[in-house]
Amino acid sequence: MKKATSPQAAATGATTEQLKQNIIKHLHSSLGTDVNKASSQAWWRATCAAVNEQVFDGLRNTQRTHYQQDTRALHYFSLEYLMGRLFSNNLHNLGLFEQAKLALAELGIKIADLEDQEEDMALGNGGLGRLAACFIDSLATLNYPAVGYGIHYEHGLFKQSFQDGRQIERPDSWREYANPWEICRPESVQEISVYGYVETVYDLQGLMKKVWHPGRIIKGVPWDIPVVGYNGSSVNVLRLWESRASDFFNWDVFNSGGYIDAARENIEAETISKVLYPNDETDAGKELRLIQQYFFCSCSLKDIIRRYKRAHGDDWSKFPQQVVIQLNDTHPAVAIPELMRILVDRADMNWDDAWALCQQVFAYTNHTLLPEALERWPVRLFEKVLPRHIEIIYEINRRFLAEQVDVLWPGDHAKKRKLSIIEEGDEPMVRMGHLSVVGSFKVNGVAEIHSKLVQSDLFPEMVALWPDKFTNVTNGVTPRRWLKACNPRLSKLLDEKVGTGWPVNLKLLSKLADYADDPQVQDSFMAIKQQNKADLAKEIKKLTRIDIDPTAIFDIQIKRLHEYKRQHLNLLHILALYRRILQNPDYDMVPRVFIFGAKAAPGYKLAKEIIYAINKIADKINNDKRVKNRLKVVFMPNYRVTLAEKLIPAADVSEQISTAGKEASGTGNMKLALNGAVTVGTLDGANIEIAEEVGSDNIAIFGLTVDEVKALHASGYHSHEYYHNNPEIKAVLDWLETDYFTPGKPGELSAIKHSLLEGGDPYLVLADFESYAKAQQLIDSWYRDKAGWAKKAILNTALVGKFTSDRSIEDYVSKVWQLTPCKI
Ligand code: BZD
């Protein structure tokens, strides 16, 4: 008998059937294979091609609508976009995931196997790059006209593996066999110049003009990646520039007989977009990095101006109405003098008008207070690479000091020295932060406390000059990727309990709080967590050969490896637990698995030593029978977006333990809480706002506050005192110097102890140890109460609706960008 079908089910059935036909069509016509012999790669590519039919429809519609309505648009300038995989994300956002799963199942293919065919698009280091990816998702979902601009790196962030516990880096080749989501746009190629010299000439009226004679010309080839908004909204574009040798320049050299030289120039030009710098939070200071920054800024500005001129010709008056550019940290700050150059040298605009225009176009987001991460470029290097731009920067600075600084603080030379865009010294430097503040109409930090510190500690005088320029936009994460797609079990429960609107209205999750005491909902919620943990345990076994107990507490710290993030604080506490177990075989603790995921910058020695120590200690603990499974330590290799998507749904405890004042915001903290993990955290970055939302019963806060950190440093911090006064600290640090964890090789793990004692413990690990251990004890006691824990976990998911990147984007729109949504 035929079953009655609802109209909805019938529509789903029709799409499923159509998808099936399209996949087969693409197997034949795009992949040149057929259902009987297609590899998983071929199935994946054919499915991508079928999905792209819809993606490109949306893209065309969006671009046509924006063009016809001549919309004001945001241009997000970022050196990094940490996109991860796009397959399931695009299917979810198009509302096609279930149908695709069914269509493939009917063809005998498991969708999960196809997902694994895709390499991560890892064009970023960490939080800053992932934030850019979340923001472009939200911009498309909220129908804001926006383009993301960046670099089409041939190699993204290195792949990490371990050899005898030490980090090994291998190149990442994410598009070795072509990436199905990107489209090359040869019709929109740009050319940019570097090196050379500047000539001063006078025109017929006797007016002085500067003419830059470049030493080299480089071609920028744009690759477009469609950014699919959720549920039938816009499809925006991420435009990434690839560098090539300019045809024009090559021919010149070629004709003068320099074929080999031409080939070398080719290679040099192509080097620009070859590789992502793997340093987070340190200034690379390398010539190639400056050229990367300039290359993508110049290409992007020319692209924006080309599009503007198509609608407005040479009338620049509407430019600030139509164009806003957000600088993702200072990395693209060279766009400011570049726009000045285009306006003054090329468009013959007078300086004042050009500067007024610039200051209406740029806005700057600061992501760090760490001194070593604040970008500064040697003036010498600027003169060599961008001789005209350094002149422009000098002029911006001269006017700024004369017209702003000297007016507010007449004759105050100390102020001038402090505020100057050029830092004096043996090696004069360009301060990119200063340049960004001076050239922008808004400056924001990324969490309340961080924005306050940007104003009080980093740019207090700039605040005095322009009090309204400074603002806060707390970070957020896209709930489409970080809940709906990565945690389908929890998503289904949420659909049932709060309705299906939550992916675009995350505050709806607060309805779940009504069920926090409901035993049935508690059971369902924790059963889901348990299933996710079982899945992760299998993955861990597959990747590391380590067996873990899926009923233990899963305690997760995932982020770049950095002293200020204090993975070594976590490690010292693990050592303390291990020691307690050895000293007291009956030591009573809820079994816990500590899971790490982190890449260290290849040149960051101590970070690599910390990885090594964690691996060595893990090895010992995991194989020690006396531990009786109370403790396991796992370091997952090659942490990246795709791994985060597997770890986050399975976390019970989220480690957010940076020294107060050091982590600008954090975004992993938001993802973990959203998926029902309880945070152990300091009052730093967005942890503070998470604590405000979830309440003090549902988060374990510990450690010194920002003010206490400052006071301790001011009064003189002596880490030795903590070492001598706390026997547990002393014992675990001394342990590191023995050969207990590295048989026959004493001292192999002593770098950590050394940095904490002789090194002065700059991030106050020892000062926070005791308080941290207490917070962990609290977690242990909370977890013993099953219903109590379930309630905390549920409330974490229910109460973090604030941290959707949709809210961040709406904040930027109202405080900075002033955009109007454009429905497609
Ligand atoms: O930016 C991070 C901060 O450390 C986090 O606190 C914050 O949540 C995120 C997003 O705002 N900063 C970075 O990730 N920085 C880098 O990756 C980086 C990359 C290159 C050069 C300097 C820093």
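This is a predicted model: local features need pLDDT of at least 70, side-chain atom pairs count only at pLDDT 80 or more; totals for chains, interfaces and linings use all residues.

Biologist: Understood. How many bridges join strand S9 to S10, and in which sense do they run?

Modeller: Strand S9 (residues 197-202) and S10 run antiparallel, joined by six bridges. Val198 is the residue that stands opposite Trp212 in S10.

Biologist: And what sits between the strands of that hairpin?

Modeller: Five residues lie between S9 and S10, and in this hairpin Gly206 takes a positive phi near 85°.

Biologist: Is strand S10 buried or in the open?

Modeller: Strand S10 (residues 208-213) lies largely in the open, because the number buried among its six residues is zero. The cut-off behind this is that a residue is buried if 20 or more other C-beta atoms lie within 10 Å of its own.

Biologist: Which order do the strands take in the sheet with S15?

Modeller: The order is S15-S17-S16, an open sheet of three strands with antiparallel pairing. Strand S15 (376-378) and strand S16 (422-423) are the edge strands, each pairing on one side only. Two bridges connect S16 with strand S17 (residues 429-431), in the antiparallel sense. Ile422 has Val430 in S17 as its bridge partner.

Biologist: Changing topic, what is the domain assignment?

Modeller: The protein chain is assigned domain 1 (29-68 + 88-119), domain 2 (70-85 + 120-475 + 810-817) and domain 3 (526-803). Taken over C-alpha atoms, the centres of domain 2 and domain 3 are separated by 36 Å.

Biologist: How many residues does each of these two give to the contact?

Modeller: Domain 2 gives 38 residues and domain 3 gives 29 residues. On the side of domain 2 that touches domain 3, the elements giving two or more residues include helix H6 (127-141), strand S5 (159-163) and helix H17 (448-458). That side of domain 2 divides into 13 nonpolar, 16 polar and nine charged residues.

Biologist: Now the ligand. Which residues come nearest?

Modeller: Gly127, Leu128, Asp280, Ala664 and Ser665 come nearest, out of 19 residues around the ligand.

Biologist: What is the make-up of the shell, and which domains does it draw on?

Modeller: The shell around the ligand has five nonpolar, 11 polar and three charged residues. Domain 2 and domain 3 each supply at least three residues to the shell.

Biologist: One more residue: where does Leu408 lie, and is it buried or exposed?

Modeller: Leu408 lies in helix H14 (residues 387-408). Leu408 is exposed, because 12 other C-beta atoms lie within 10 Å and a residue with 12 or fewer counts as exposed.

Biologist: What is Leu408 in contact with?

Modeller: Apart from its neighbours within four places in sequence, Leu408 is in contact with Ala464 and Leu465. Leu408 and Leu778 are 370 residues apart in sequence, and their C-alpha atoms are 52 Å apart in space.

Biologist: Finally, what does the protein chain come to overall?

Modeller: The secondary structure comprises 33 helices and 25 strands. The protein chain has a radius of gyration of 28 Å, which agrees with the value near 28 Å for a compact globule with 824 residues. Along the principal axes, the C-alpha atoms fill a box of roughly 95 × 80 × 55 Å. Of the 824 residues, 50% count as buried.

Methods. Residues are numbered from 1 along each chain as its sequence is written. A residue is near a molecule or strand if its C-beta atom, placed from the backbone, lies within 6 Å of it. Ala, Val, Leu, Ile, Met, Phe, Trp, Tyr, Cys and Pro count as nonpolar, Asp, Glu, Lys and Arg as charged, and the others, Gly among them, as polar. Domain bounds come from an automatic or database domain assignment. Helices (H or I, at least four residues) and strands (E, at least two) are DSSP runs, numbered from the N terminus. Two strands pair if DSSP finds at least two bridges between them. Two residues are in contact if their C-beta atoms, placed from the backbone, lie within 7 Å. The radius of gyration is taken over C-alpha atoms; the globule rule is 2.2 Å times the number of residues to the power 0.38.
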